[in-house]
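Please look through the structure shown here with its charged side chains in mind. The paragraphs that follow take up salt bridges, then backbone angles, and then a database annotation.

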Amino acid sequence: MLIREAAADDWPRIWPFWHRIVAARETYAWDPDTSEEAARALWMAPGKRVYVAEDDTGAVVGSAFVTPNYGGPAARIANAGFMVDPERSGRGIGRALAEHILAAAKADGYRGMVFNAVVETNPAVKLWTSLGFTILGTVPDAYEHARHGLVGLHIMYRAL
């Protein structure tokens, strides 16, 4: 698997799984009806370092970004987003992207990383805790999960 910085022409290969994941209403606190144009603006926004994971055939199987979570004197705390094509889950792509993003964020001078809204039923919670993230708190009943109804949103943090 190759992980590299995304180029503008990678978006059409990210959009199909981006849309599928957000529309499922199980892991992301973004509008499930987000248009492709708005989704591209969210994911590929200036100021974000966006990466893609490619399999051995060159297919984009995942994407992630890192960006400052705050501004000004707190700009050295990063935020990140991760998506793996659901048809490719369970193959280590998420872990590889996470390890890459954590290393890139540290190399870019970030001191820590925070996730503001991790759906508590998201299987990735296990991945994040295995990578040293802690749950700072949970906003109860904050997310309308498509299958589980109201569930909490974790705020997670890890020092870099």
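Asp10 forms a salt bridge with Arg13, the closest N and O atoms being 2.9 Å apart, where a salt bridge is taken to be a side-chain nitrogen of Lys or Arg within 4 Å of a carboxyl oxygen of Asp or Glu. Asp10 is buried at 2% relative accessibility, while Arg13, at 33%, is partly exposed; buried here stands for under 20% relative accessible area, exposed for over 50%, and partly exposed for values in between, with a 1.4 Å probe and protein chains only. This is a predicted model, in which local features need pLDDT of at least 70 and side-chain atom pairs count only at pLDDT 80 or more, whereas totals for chains, interfaces and linings use all residues. Residues are numbered from 1 along each chain as its sequence is written, and side-chain values use heavy atoms, with hydrogens and water left out.

Side chains of opposite charge can pair when their charged atoms come close. Glu54 and Arg4 are joined by a salt bridge with an N to O distance of 2.8 Å. Because Glu54 belongs to strand β2 (residues 49-54) and Arg4 to strand β1 (residues 2-5), this pair ties together parts that are 50 residues apart in sequence; helices (H or I, at least four residues) and strands (E, at least two) are DSSP runs, numbered from the N terminus. Glu54 is buried, with a relative accessible area of 12%, and Arg4 is partly exposed at 23%. Arg4, Asp10, Arg13 and Glu54 are linked in a network of salt bridges.

A further salt bridge brings together the side chains of Glu26 and Arg147, at 2.7 Å from N to O. Here the linked parts of the chain are distant, with Glu26 in the loop between α1 and α2 and Arg147 in the loop between β6 and β7 (149-159), 121 residues apart. Glu26 is partly exposed at 24% relative accessible area, whereas Arg147 is exposed at 59%. The count of salt bridges comes to nine.

Turning to the backbone, Arg25 has a positive phi of about 55° although it is not a glycine, and Arg25 lies in the loop between α1 (11-23) and α2 (36-43). Asp141, also not a glycine, has a positive phi near 50° and is found in strand β6 (residues 134-145). Arg25 is partly exposed at 33% relative accessibility, and Asp141 is exposed, with a relative accessible area of 52%.

An unreviewed UniProt entry carries the annotation "domain: N-acetyltransferase" for residues 1-160; such annotations may be inferred rather than shown by experiment, feature names are shortened, and positions are given in the numbering used here. The span of residues 1-160 is 27% helix and 36% strand, and its end C-alpha atoms lie 24 Å apart.
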